[in-house]
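Dear colleague,

Please find the structure below, handed over for your reading.

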Amino acid sequence: LWVIPEMVGQCLSAMLMLVSMHWFIFLLNLPVAAWNIYRYAKVPLGNMGVFDPTEIHNRGLLKSHMKEAMIKLGYHLLCFFIYLYSMILALIND
């Protein structure tokens, strides 16, 4: 349900950073955007989506999906603090 909005948001964020020439943040967003596109492109035709509940439990993929979710959580926390630091630095320099 939230895979497509996450993918669009991540790609849009990466493109905005590229246009505004924030290279470090662009390079930080690029692998996650590419990973989201890759995961969405590799969904088999019969599945409901990336996180098809039947496939996750039938194949025992729950552990790998939880690991991926924790990695994404850590990534988003890191990005939050980098963005917060950048905002405070921009406010102080003005």
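**Helix packing**

Helices α2 and α4 run roughly antiparallel to each other, because roughly antiparallel is the term for angles over 145 degrees. The model is a predicted one, in which local features need pLDDT of at least 70 and side-chain atom pairs count only at pLDDT 80 or more, while totals for chains, interfaces and linings use all residues. Residues are numbered from 1 along each chain as its sequence is written, and side-chain values use heavy atoms, with hydrogens and water left out.

The packing angle of α2 and α4 is about 155°, and their axes are 12 Å apart. Axes here are lines fitted to C-alpha atoms, for helices over the stretch in contact, and angles run from 0 to 180 degrees between N-to-C directions. Helices are DSSP runs of H or I with at least four residues, strands are runs of E with at least two, and both are numbered from the N terminus. The crossing of α2 and α4 is left-handed (the near helix is turned anticlockwise from the far one by less than a right angle; clockwise would be right-handed). On the α2 side, the contact (heavy atoms within 4.5 Å) includes Phe 24, Leu 28, Trp 35 and Arg 39, and on the α4 side it includes His 65, Glu 68, Tyr 75 and Ser 86. These contact residues divide into nine nonpolar, four polar and three charged. In this scheme Ala, Val, Leu, Ile, Met, Phe, Trp, Tyr, Cys and Pro count as nonpolar, Asp, Glu, Lys and Arg as charged, and the others, Gly among them, as polar.

Helix α1 (residues 3-19) and helix α2 (residues 23-41) have axes that come within 8 Å and cross at roughly 150°. That angle makes α1 roughly antiparallel to α2, and their crossing is left-handed. Among the residues that meet are Val 3, Met 7 and Leu 18 in α1, and Trp 23, Phe 26 and Tyr 40 in α2. The contact of α1 with α2 has 15 nonpolar residues, four polar and one charged.

The axes of α1 and helix α4 (residues 62-93) come within 15 Å, with a crossing of roughly 35°. This crossing, too, is left-handed. Glu 6, Gln 10 and Ser 13 of α1 make the contact with Lys 72, Tyr 75, His 76 and Tyr 83 of α4.

**Details within and around α2**

Arg 39 is found in helix α2. Beyond its neighbours within four places in sequence, Arg 39 is in contact with Val 50, Phe 51, His 65 and Glu 68. Arg 39 and His 65 are 26 residues apart along the chain, and their C-alpha atoms are separated by 12 Å.

The whole structure holds two aromatic pairs (ring centres of Phe, Tyr or Trp, the latter by its six-membered ring, within 6.5 Å; planes under 30 degrees apart are stacked, over 60 edge-to-face and the rest tilted). One of them, Trp 35 with Tyr 38, is tilted, at 5.6 Å centre to centre and 35° between the planes. Both residues lie in α2, three residues apart, about one turn of the helix.

**Annotated regions**

An unreviewed UniProt entry lists residues 12-38 and 73-92 as "transmembrane region"; its positions are given in the numbering used here, feature names are shortened, and annotations may be inferred rather than shown by experiment. Residues 12-38 are 89% helix and 0% strand, with end C-alpha atoms 16 Å apart. Residues 73-92 are 100% helix and 0% strand, with end C-alpha atoms 29 Å apart.

With kind regards

Methods:
Angles under 35 degrees count as roughly parallel, over 145 as roughly antiparallel, 65 to 115 as roughly perpendicular and the rest as oblique.
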